[in-house]
Amino acid sequence: MSELSRKAGEVLAFPGKIVGWLVLPLILSVCAGVLAAKLGVNRLADWGASIPLFDAGITVNTLLDLQWHVFALVVLFGGVYAYRDRSHVSVDFLAANFSPRTRAIVDLVCDLIFLLPFCAIVVWFGTRFAHRAYVTGEGSTYGGMIDRWMIKACIPIAFSLLGLAAVNRIIGTLIGLVRGDFSSAKNRTGS
């Protein structure tokens with residue numbers, strides 16, 4: 001079961017690994033936007049025909065939208081990656097004094113009571129949020145990116161992955177509690 005759980009965690013965290021590489025184009029986009037603004041250039045590329053996200057060309061406003069979109073993707077999918085590796089924000093000053101068993105119980109309770117319901121709520125409302133953007137054709141009102149539903153659809157997708165990662169960890173924690181084996185849980189406190 002441990003190998004299956006590890007592989008499931010890898011699959012769920014894979015989008016986080018991929019979007020981590022978007023930081024490089026994000027930096028280039030910021031530099032290009034600053035340079036274009038300094039030179040007083042607004043339209044950077046124009047290809048005439050409309051394509052998804054970018055419409056008929058790239059403007060400085062497109063670059064600004066792109067920066068926010070990439071940042072959102074890094075946060076959303078990177079959060080699943082961080083959760084899987086237990087490198088997310090936690091209350092370690094309390095957990096440092098807990099035994100491995102107590103830490104596992106606290107993780108289990110928090111995942112069941114707080115994380116899973118939160119993921120379910122975000123998926124429910126996030127899906128409606130993205131659908132509304134799709135139906136209305138929501139896009140930038142100032143010459144930026146179009147098809148805003150695409151980035152909004154990433155919200156329920158990422159939280160679905162996070163919820164599945166939580167279920168994966170819950171199952172692993174339950175198995176560890178039953179077996180009395182806490183060696184698979186990464187010790188976040190360093191003690």
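At 9% relative accessibility, Pro-156 counts as buried, where buried means under 20% relative accessible area, exposed means over 50%, and partly exposed lies in between, with a 1.4 Å probe and protein chains only. Pro-156 lies in helix H6; helices (H or I, at least four residues) and strands (E, at least two) are DSSP runs, numbered from the N terminus. Leaving aside neighbours within four places in sequence, Pro-156 is in contact with Val-123, Gly-126 and Thr-127, a contact being heavy atoms within 4.5 Å. The C-alpha atoms of Pro-156 and Ile-121 are separated by 9.4 Å, although these two residues stand 35 residues apart along the chain.

## The model and its confidence

This is a predicted model, in which local features need pLDDT of at least 70 and side-chain atom pairs count only at pLDDT 80 or more, while totals for chains, interfaces and linings use all residues. Residues are numbered from 1 along each chain as its sequence is written, and side-chain values use heavy atoms, with hydrogens and water left out.

The mean pLDDT of the chain is 87, and 91% of its residues reach 70 or more; pLDDT is the predictor's confidence in each residue, from 0 to 100. Over residues 187-191, however, the pLDDT is below 50, and this stretch has 13 contacts in the model beyond near neighbours in sequence. Where pLDDT is low, the predicted coordinates should not be read in detail.

## Helix H1 and its bend

Helix H1 takes in residues 2-20, and its 19 residues reach 26 Å from the first C-alpha to the last, close to the 27 Å expected at 1.5 Å a residue; the expected span is 1.5 Å times one less than the number of residues in the helix. H1 bends by about 40 degrees at Ala-13, and a proline, Pro-15, follows within four residues. The bend at a residue is the angle between axes fitted to the seven residues ending there and the seven starting there.

The buried residues of H1 are Gly-9, Leu-12, Ala-13, Gly-16 and Val-19, and what covers them includes helix H2 (23-39), helix H3 (60-84) and helix H6 (149-179).

The 17 residues of H2 should span 24 Å at 1.5 Å a residue, and the end C-alpha atoms of H2 are 24 Å apart, which agrees. The buried residues of H2 are Leu-26, Ser-29, Gly-33 and Ala-36. They cover an arc of only 95 degrees around the axis, which puts them on the same side of H2; the arc is that of the directions from the helix axis to the C-beta atoms. An α-helix has 3.6 residues a turn, so residues three or four places apart point the same way.

What covers the buried residues of H2 includes strand E1 (43-51) and H3. On the face of H2 turned away from its buried side are the exposed residues Leu-28, Val-34, Leu-35, Lys-38 and Leu-39. After H2 comes Gly-40, whose phi is positive, near 75 degrees.

Asn-168 lies in helix H6 and, at 16% relative accessibility, counts as buried. Not counting residues up to four places away in sequence, Asn-168 touches Ser-5, Ala-8 and Gly-9, and Gly-9 is itself one of the buried residues of H1.

Thr-173 is also found in helix H6, and Thr-173 is buried, with a relative accessible area of 10%. Leaving aside neighbours within four places in sequence, Thr-173 is in contact with Arg-86, Ala-104 and Leu-108.

## Positive phi in two loops

Most residues other than glycine have a negative phi, and most peptide bonds are trans. Leu-53, although it is not a glycine, has a positive phi of about 70 degrees; Leu-53 is found in the loop between E1 and strand E2 (55-59), where it counts as partly exposed at 22% relative accessibility.

Asp-147, which is not a glycine either, has a positive phi of about 55 degrees. Asp-147 belongs to the loop between helix H5 (100-136) and H6, and Asp-147 is partly exposed, with a relative accessible area of 22%.

## Cysteines

A search of the whole structure finds zero disulfides, a disulfide being a pair of cysteine sulfur atoms within 2.5 Å. Cys-154 is in no disulfide, and the nearest cysteine sulfur, that of Cys-119, is 16 Å away. Cys-154 is buried, with a relative accessible area of 15%, whereas Cys-31, at 48% relative accessibility, counts as partly exposed.
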